[in-house]
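Welcome! Take each task on your own before you read its solution.

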Amino acid sequence: MTARWTNWSGSVVCQPRELARPASEAAVLELIGAASANDRTVRVTGTGHSFTPLCATDDVLLSLDDLQGLIAIDPVASTATLWAGTKIARATELLLAAGWSLENQGDVDVQSLAGAVSTGTHGTGPRLGSLSTQVAALRIATADGRLVDCSPAADASAFRAAQVSFGILGVITAVTLRVLPAYRLHERLWQVPIDDCLAELPTHIAAHRHFEFFWYPTTDLAHMKALDPTDEEPAAVAGREGERVDYSGRIFPTVRERRFNEIEYALPAAAGPECFADVRRLMRDRFADVTWPVEYRTLAADDIWLSPAYGRETVTISVHDAADRPFAKFFAAVEAIFRRYDGRPHWGKIHTLSAAELGELYPRWDDAMAVRRRIDPAGRFLNEHLRRVVGEA
Ligand SMILES: Cc1cc2nc3c(=O)[nH]c(=O)nc-3n(C[C@H](O)[C@H](O)[C@H](O)COP(=O)(O)OP(=O)(O)OC[C@H]3O[C@@H](n4cnc5c(N)ncnc54)[C@H](O)[C@@H]3O)c2cc1C
């Protein structure tokens with residue numbers, strides 16, 4: 001047995017038989033081959049920032065922390081290929097040095113590219129998709145010892161399934177992303193009473209490339225954030241409270257020092273305000289002891305089979321509580337609200353749904369599961385949590 005492994009929030013703890021750090025694709029294939037020969041299962045982890053037991057195993061756990069860096073940039077196609085273990089922060093600095101930026105990012109940039117892509121990690125912006133939508137091609141080391149390159153032009157069904165696939169198809173070794181010429185963002189942070197924010201919500205969302213708010217239940221204030229592209233220099237806003245200008249990859253991320261657990265569902269955009277009102281009422285009436293904020297973001301519709309934004313304009317609502325507090329009762333009550341609005345859970349955040357329930361929410365569920373059975377018929381890449389998720393418990 002090796003040392004125990006735990007995720008960022010501490011909600012998942014396991015003791016893998018082997019924790020390996022392959023530094024090349026050949027080493028990844030060798031580890032998969034050895035696992036197959038010994039009938040072991042394999043899970044792969046990025047930074048361990050998922051709250052669900054996606055990476056939990058007592059068998060073989062791979063970390064791609066030694067498989068990081070830029071492989072190539074294609075300036076004609078506007079794509080960049082990076083090793084899958086590259087942390088987002090490193091990716092954005094490598095890209096910036098070459099004159100490129102990511103189209104959109106989430107709240108933090110410590111995740112690995114493959115981990116973030118595999119769960120549909122997203123930021124905010126009604127015309128922008130998750131990181132998975134920025135993927136142009138993936139290379140996957142599969143259970144039968146092959147390296148499979150998939151893209152819209154090569155094994156398109158594997159690609160649509162793999163873009164959000166939480167490690168059930170194999171080990172992604174390289175990620176090709178669509179990138180934009182490097183750009184700067186202007187950030188504005190400000191606070192208003194939540195009812196004022198809600199009254200103007202469609203205007204705020206339409207007015208900015210990125211808009212989100214955090215509602216703090218104890219003060220009833222909305223902490224709002226708007227980001228927009230700018231040609232200004234950072235010095236232009238020096239001294240202006242709540243404003244910053246810098247390259248996009250330096251503006252998107254924040255630092256989360258206090259640990260928490262989180263549930264987040266993706267909802268049809270039109271249902272966002274009503275669903276948020278229900279969550280607010282629930283917290284006021286039954287969970288007034290929860291002081292952590294609720295985050296409200298937007299996402300464009302996409303065509304990725306297991307993406308929570310599949311086929312619909314989306315609002316995401318994220319509910320948090322401190323990592324050292326029991327969350328099951330609170331999150332169950334929140335999840336019941338999300339489910340009333342046909343919400344789809346974030347794959348990396350707490351949820352209780354089984355394959356049958358998920359199948360109802362995803363029109364291409366059966367297609368994605370057929371790809372899984374084709375690529376990993378023996379379930380080499382499943383753990384207990386995932387067997388329940390894919391319906392092979
Ligand atoms: C503080 C914090 C802030 C967050 N902010 C956001 C946010 O703004 N937006 C958002 O959408 N989510 C957010 N999340 C959730 C987080 O982005 C996702 O859970 C993401 O998957 C974590 O990436 P990771 O590298 O830590 O992957 P892990 O949690 O280690 O793994 C996630 C999944 O990816 C799979 N995986 C990892 N590497 C590979 C690989 N090489 N090949 C195949 N599969 C692989 C794993 O098996 C697992 O199924 C946040 C989480 C935390 C803790």
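Two residues are in contact when they have heavy atoms within 4.5 Å. Keep in mind that this is a predicted model.

**Exercise 1.** Work out how helix 8 and helix 9 run relative to each other, and which residues meet between them.

*Solution.* 
- Step 1: Find helix 8 at residues 272-286 and helix 9 at residues 328-340. Their axes come within 10 Å and cross at roughly 155°.
- Step 2: Angles over 145 degrees count as roughly antiparallel, so helix 8 is roughly antiparallel to helix 9.
- Step 3: The crossing of helix 8 past helix 9 is right-handed.
- Step 4: From helix 8, the residues that take part are Cys275, Asp278, Val279, Leu282, Met283 and Arg286. They meet Phe330, Ala333, Val334, Ile337, Phe338 and Arg340 of helix 9.
- Step 5: Sorted by class, this contact between helix 8 and helix 9 has nine nonpolar, three charged and no polar residues.

**Exercise 2.** Find the largest cavity and describe its lining.

*Solution.* 
- Step 1: Searching the whole structure turns up four cavities of 30 Å³ or more.
- Step 2: The largest cavity has a volume of about 90 Å³.
- Step 3: Its lining includes Asn104, Gln105, Gly123, His210, Glu212, Lys225 and Phe252.
- Step 4: Strand 14 (210-216) and strand 15 (221-230) are the elements that each give two or more residues to this lining.
- Step 5: By class, the lining has six polar, three charged and two nonpolar residues.

Notes
Residues numbered from 1 in each chain as written. Predicted model: local features only at pLDDT ≥ 70, side-chain atom pairs only at ≥ 80, totals over all residues. Heavy atoms only, no water. Axes fitted to C-alpha atoms, helices over the stretch in contact; angles between N-to-C directions. Helix = DSSP H or I, 4+ residues; strand = E, 2+ residues; numbered from the N terminus. Parallel < 35°, antiparallel > 145°, perpendicular 65-115°, else oblique. Left-handed = near helix turned anticlockwise from the far one by under 90°. Nonpolar A, V, L, I, M, F, W, Y, C, P; charged D, E, K, R; others polar. 1 Å grid on protein atoms, 1.4 Å probe; cavity = no way out; pocket = protein on both sides within 12 Å on 5 of 7 lines; lining within 4 Å. Points joined across faces, edges and corners; volume = space filled by probe spheres on them.
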